[in-house]
Amino acid sequence: MKKLSTLAITLAMAISCHAENPTFTVDAGSPAGKVSPLLYGLMTEEINHSYDGGLYAELIRNRAFLDSANTPVHWSVVSNNDASATIALGPANSFNDKLTMSLRVAVTKASKTQPAAVANAGYWGIPVYPSTVFRAKLLARAENNFTSPVTVSIVSEDGRKVYATQKFSGLAKDWKKFEVTLKTRKVEPTAKARFAISFEQPGTVWLGMVSLFPPTWNNRPNGLRKDIMQMLVDLNPKFLRFPGGNYLEGDTIETRFDWKKTIGPIEERHGHPCPWGYRSTDGLGLLEFLEWCEDMKAEPVLAVYAGYSLKGAHVNPGPDLEPFVQEALDEIEYVIGDKNTTWGARRAKDGHPAPFKLTYVEIGNEDWFDKSKSYDGRFAEFHDAIKGKYPQLKTISSIGNEQPKNMHVTSRQPDMLDEHYYRSTDEFLRMSPDYARKYDRNGPEIFVGEWAAHEDGNIKPWSPGAKQQPPTPSMKAAIGDAAFMAAMERNADLIKMQCYAPLFVNVNPGARQWRPNLIGYDSISSYGSPSYYAFQLFSRNLGNEILAVTTSGSSIQGSATRDSRTGEIIVKLVNSQTNEVPVDIDIKGLTSLRSKATAIILAGKPEDTNSINHPRDIVPITRDLRSMKPKFTYKLPPYSIVVVKLKI
Ligand code: AHR
């Protein structure tokens with residue numbers, strides 16, 4: 001009964017037009033341009049615990065004891081009356097010159113029945129899933145013939161429940177690598193667990209690295225979290241911009257993303273301080289970024305360090321810059337060089353003989369911050385070297401049209417400009433109708449490499465006030481996002497790529513530096529914000545031809561594309577009013593449509609949102625439409641983003 005009445009309403013909406021309604025006219029006569037096939041992609045960097053404590057599936061926090069020079073943070077001793085130990089950091093006799101610190105565990109009292117243990121609680125808890133194999137790796141050595149068996153276990157926070165355990169022996173005076181698996185049985189999933197390493201005899205043991213992985217996406221050994229990868233794949237991204245963002249530049253030249261330090265076995269990676277206030281393990285390094293792209297069937301958009309760091313240091317163009325230009329050329333060779341090149345051979349040795357696809361290389365990030373005004377010269381040097389060796393590659397200037405003209409690169413013509421927009425919903429609603437309308441169609445291509453709407457214009461994403469707000473945005477922000485995405489889609493002949501930023505946030509207290517963020521997670525579950533679903537509506541419903549649209553009134557914004565292979569017309573509409581808005585839609589150039597069509601709707605009150613405990617309050621719903629004609633009225637729900645898919 002309910003179903004019937006819903007159908008009747010949809011039918012009525014589909015056929016009656018009223019003169020006073022806002023109109024949305026789609027010119028289906030001839031397309032206004034081609035939609036860039038790379039339009040929707042992702043941007044990523046280490047921020048808000050995006051990788052360590054996020055996508056990178058490593059579960060042990062401070063696995064190489066390098067997070068603090070003073071104390072073994074995130075490690076503790078588990079002791080009782082019958083078992084005790086002490087722990088301390090020690091640089092002496094370290095595993096190699098990359099893992100320069102190790103953990104000294106002095107077991108003072110222990111027995112087979114009462115072992116002493118050290119424990120790590122991971123990144124806000126170690127997750128436990130039923131019937132799952134975890135892989136542990138330890139680098140260890142012992143002093144004075146200490147030969148105690150070692151037991152590694154995943155246990156509850158109070159240590160009473162053992163979810164999975166494994167014992168090994170063979171400690172020796174020299175460093176040895178131990179690799180074991182631990183399997184859980186039928187257990188209730190929980191994030192309230194920790195990893196314990198226990199010893200049955202008094203003595204001293206040194207740990208150089210402790211690593212623990214759950215199953216990963218595509219079973220890559222140094223791989224990525226499955227649930228988060230699924231969320232990314234569901235966005236159908238065509239490219240991934242990495243490694244930043246600020247993370248590329250680093251606070252200082254020394255702490256830039258120094259790609260050569262991020263490849264090879266994890267025990268060869270020292271890690272480095274990330275500009276967002278914590279240390280990066282570099283576990284997710286250059287090859288992992290590239291394989292991440294491969295796993296999403298997306299293309300890398302590689303940003304290379306270009307001689308400017310966040311605290312203001314810059315490298316002068318000329319001889320001083322040459323080593324950095326060479327570093328970028330080597331990096332590109334690692335990505336696309338064949339196995340006979342130096343860095344292509346290194347990639348093959350690291351496990352990936354086939355070169356990756358690469359079209360775009362971005363030179364630096366947000367170089368308008370460089371007060372020395374050296375970017376024009378730095379860009380020219382990188383551009384010439386890259387084009388000289390790889391004429392097929394396109395270069396991106398990190399200074400776009402949203403920056404004053406006198407900052408733009410003029411000595412060379414960049415193939416593409418990167419624009420960044422962190423604006424409030426109201427600002428996006430105001431700027432979107434005219435966005436890119438006046439851009440020079442013969443000038444550089446446009447990449448909107450970072451953008452996101454926030455709800456309150458007075459609370460900037462980087463301000464302390466943002467920390468008081470939820471980590472992910474509400475429906476209000478999603479409306480601003482959608483208006484801007486519609487604008488980019490209307491100009492998708494010139495706007496070749498666009499990506500929301502930041503992509504990730506660990507929602508635990510103290511984990512984040514920025515809001516809003518597209519996807520939130522803790523150590524065991526993840527969720528999409530309303531903005532995530534808005535992005536998904538846009539990225540998954542897209543034709544390859546732009547259809548020009550005209551709108552009357554300011555209450556709605558939108559875009560339209562057509563799939564030339566199927567003839568399907570995809571209309572996207574954004575209602576920023578808190579009341580229902582009936583829109584008279586006119587698909588000009590068509591005399592008929594198939595009766596059946598589909599509407600996908602994301603709607604809610606401005607303050608409605610999703611969260612780690614309520615992950616699906618705001619999700620799209622799909623409705624069938626019937627009796628469609630080229631002219632029809634559609635009632636946009638209050639505060640909604642609607643995709644109407646029309647078939648011919
Ligand atoms: O997305 C967060 C930061 O915003 C990026 O690291 C930086 O490029 C921009 O300022």
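Reader: Hi! Which strands does helix 11 lie across?
Author: Helix 11 (residues 530–540) lies across strand 29, strand 30, strand 32 and strand 35, and runs at about 160 degrees to strand 32. Helices (H or I, at least four residues) and strands (E, at least two) are DSSP runs, numbered from the N terminus. Angles run from 0 to 180 degrees between N-to-C directions, with axes being lines fitted to C-alpha atoms, for helices over the stretch in contact.

Reader: Thanks! What kind of model is this?
Author: This is a predicted model, where local features need pLDDT of at least 70, side-chain atom pairs count only at pLDDT 80 or more, and totals for chains, interfaces and linings use all residues. Residues are numbered from 1 along each chain as its sequence is written, and side-chain values use heavy atoms, with hydrogens and water left out.

Reader: Back to the sheet: in what order do the seven strands come?
Author: The order is 2-27-29-30-35-32-33, in an open sheet with antiparallel pairing. Two strands pair if DSSP finds at least two bridges between them.

Reader: And which strands stand at the edges?
Author: Strand 2 (33–34) and strand 33 (621–625) do; each has a single partner strand, so one side of each is left without a neighbour in the sheet. Strand 2 pairs with strand 27 (residues 545–547) over two bridges, in the antiparallel sense. There, Gly33 stands opposite Ile546 in strand 27.

Reader: Nice. Which helix packs on the sheet and touches strand 27?
Author: Helix 10, which also touches strand 29 (556–562), strand 30 (569–575), strand 32 (597–603) and strand 35 (640–646). The direction of helix 10 makes about 45 degrees with that of strand 29.

Reader: What about strand 1, which strand is parallel to it?
Author: Strand 31 (residues 581–588) pairs with strand 1 (residues 23–27) in the parallel sense, over five bridges. Thr23 stands opposite Asp584 in strand 31. Strand 1 is also joined by three bridges to strand 28 (residues 549–551), and these two run antiparallel. Thr25 stands opposite Thr550 in strand 28.

Reader: New topic: how do helix 2 and helix 4 pack?
Author: Helix 2 (residues 226–233) and helix 4 (residues 286–296) pack at an angle of about 55 degrees, with their axes 10 Å apart.

Reader: Which residues meet there?
Author: Met229, Leu232 and Val233 in helix 2 meet Trp292, Asp295 and Met296 in helix 4, contact being heavy atoms within 4.5 Å.
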